[in-house]
Amino acid sequence: MAFRMVIESQPDLHVAGEAANGLEAVAQAQALRPDVALMDVRMPELDGVEATRRIVASGSDTRIIILTTFDLDEYVYSALRTGASGFLLKDAQPADLLSAIRAVASGDAVIAPSVTRRLLDAFAHRLRAPGNERGEDRLDPAQRERLEQLTAREREVLLLVARSLSNAEIAQRLVLSEATVKSHVGRVLSKLDLRDRVQIVVFAYESGLVTPAS
């Protein structure tokens, strides 16, 4: 897909810059401060995972969509863990690419719930150190302190997001409006210092609140 052509066909989107390798991607993100960066996983000089980590660690507001050839690329989980806002297959339809860019720019994530679950199930062995018990009783002190900031309702919402339910599905389950669910998700993100709902899923799996079998 000719990404530049697709993106610049839209009146509300503009390509700020392009990079030939990961080092250039980091430099371009710092210099141009784009709202969204499309990051290839496999690049020369510096791979997309490390480039993503450096951009996020710099405190940049740029949100990153990982581009991959395979829907369960071995690097994707690592990229999400470092702060990417989701991932997209390189052969995605133009409409899906544009929708993803707009969604991420607005603060949402672009991994469909079913894909999130498959991804984390596939890489679940990386979420816990060998021998660790599962469950809230095994939260480390930092995780427990963050979790204790949540109200009972916010914790309910966290668990449902982590189980890959959409806002609409959560609203139906809890008999709330979607706007209320969105507000709860926003507070969960703020209190746990997470970037988006993808990071909620990662937090829940890493802390043992949710497991692939649950």
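Entry 1: I started with E154, which forms a salt bridge with R187; their closest N and O atoms are 3.1 Å apart. I am working from a predicted model, so I treat this as a computed contact. E154 belongs to helix α8, while R187 sits in helix α10 (residues 178-192), so the pair ties together parts that are 33 residues apart in sequence.

Next I asked myself: is E154 buried or exposed? I found a relative accessibility of 3% for E154, and because buried means under 20%, E154 counts as buried.

**Entry 2: a pair within α8.** I stayed in the helix and looked up R153. I noted a salt bridge from R153 to E156, with the closest N and O atoms 3.0 Å apart. Where do R153 and E156 lie relative to each other? Both are in helix α8 (residues 152-162), three residues apart, which puts about one helical turn between R153 and E156. I then checked accessibility: R153 is partly exposed at 30% relative accessible area, and E156 is partly exposed too, at 35%.

**Entry 3: a pair within α3.** I moved on to R54, which forms a salt bridge with E50; here the closest N and O atoms are 3.0 Å apart. I see R54 and E50 both in helix α3 (residues 48-57), four residues apart, or about one turn of the helix. For R54 I wrote down a relative accessible area of 35%, which makes it partly exposed.

**Entry 4: a network and the tally.** How many salt bridges are there by this rule? I get a count of nine. Among the residues involved, I found R4, E8 and E18 linked in a network of salt bridges. A reminder to myself: side chains of opposite charge can pair when their charged atoms come close.

**Entry 5: a look at a loop.** Last, I looked up A16, which I found in the loop between α1 (3-7) and α2 (22-32). A16 is partly exposed, with a relative accessible area of 43%. I also checked A16 against L32: the two are 16 residues apart in sequence, and their C-alpha atoms are 6.8 Å apart in space.

Notes:
Residues are numbered from 1 along each chain as its sequence is written. This is a predicted model: local features need pLDDT of at least 70, side-chain atom pairs count only at pLDDT 80 or more; totals for chains, interfaces and linings use all residues. Side-chain values use heavy atoms; hydrogens and water are left out. Helices (H or I, at least four residues) and strands (E, at least two) are DSSP runs, numbered from the N terminus. Buried means under 20% relative accessible area, exposed over 50%, partly exposed in between (1.4 Å probe, protein chains only). A salt bridge is a side-chain nitrogen of Lys or Arg within 4 Å of a carboxyl oxygen of Asp or Glu.
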